[in-house]
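Please open the structure in your viewer and keep the selection panel at hand. The tour below goes from one selection to the next and says what is there.

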Amino acid sequence: MPIRWRLTLYIALVIGAILLVLGLALYFLSRSALLANVEDTTRSRAISAADTIDSGELLSDDDVEQLTLDGVSVIVRDGSGDILQTANFPTEGRANDPVWRKALGSGEAVSGTAVLSGDDPYYVYAVPVNPQGGPARVVEAARPYEPALESLELFGTVLAAGIGAAFLLSIGGAYLLARAALRPVGAVTSAAREMGEGDLSKRLPVANPRDEVGRL
């Protein structure tokens, strides 16, 4: 294989490996940030709803409006698990997740995943409460992972396309760079061939006497 193509292949592989590592790192960092946002938002809404319920009141319309932003659902249950109040809960949802049972049994906040509607997983955060004069015993907040996963899928597609385009450009750039670097060698080879054919007046060209080819 000619040196030009070996240089091109080497440079392209190095750049491709760097792009791949950076792309994977960026993808997984973005995935972690998106999922963490879902979980942090759900957790804060559950705690906020639990504080309101602990004061002995059910959620008001203003509370519901604030708590259900970003697609968060809220469920208030009594000690038997019967639903006392819901906010933004899917019409055909299934409110039989095991998270609230763990929170009620342990007396501590518990998080987990459950399928509340369709086949998409929800992040659920359940907080046990003990309101004065009220039947409520546990408050849940849930938010689907699906919107975040869809955004992540779109981001991954764009990222993969960008890495592919950058890799192709790197191949072209590496080839041009190798060709430019080896052009003086080609000129020396051509002149040496003419000298070998009997033209002893021919002299080897020295484009840059300070580089390796010029010194040679």
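**Salt bridges and the sheet**

A search of the whole structure finds 3 salt bridges, a salt bridge being a side-chain nitrogen of Lys or Arg within 4 Å of a carboxyl oxygen of Asp or Glu. This is a predicted model, in which local features need pLDDT of at least 70 and side-chain atom pairs count only at pLDDT 80 or more, while totals for chains, interfaces and linings use all residues. Residues are numbered from 1 along each chain as its sequence is written, and side-chain values use heavy atoms, with hydrogens and water left out.

Select Asp40 and Arg43, which form a salt bridge with the closest N and O atoms 2.9 Å apart. They are 3 residues apart in helix α1 (residues 3-54), and therefore separated by about one helical turn; helices (H or I, at least four residues) and strands (E, at least two) are DSSP runs, numbered from the N terminus.

Next select Asp70 and Arg45, whose closest N and O atoms are 3.0 Å apart in another salt bridge. This pair links distant parts of the chain, with Asp70 in the loop between α2 (61-67) and β1 (73-78) and Arg45 in helix α1, 25 residues apart.

Now move to Glu140 and Arg77, whose side chains meet in a salt bridge (2.7 Å, N to O). Glu140 lies in strand β5 and Arg77 in strand β1, so the pair ties together parts that are 63 residues apart in sequence. Both residues are buried, that is, under 20% relative accessible area, where exposed means over 50% and partly exposed in between (1.4 Å probe, protein chains only).
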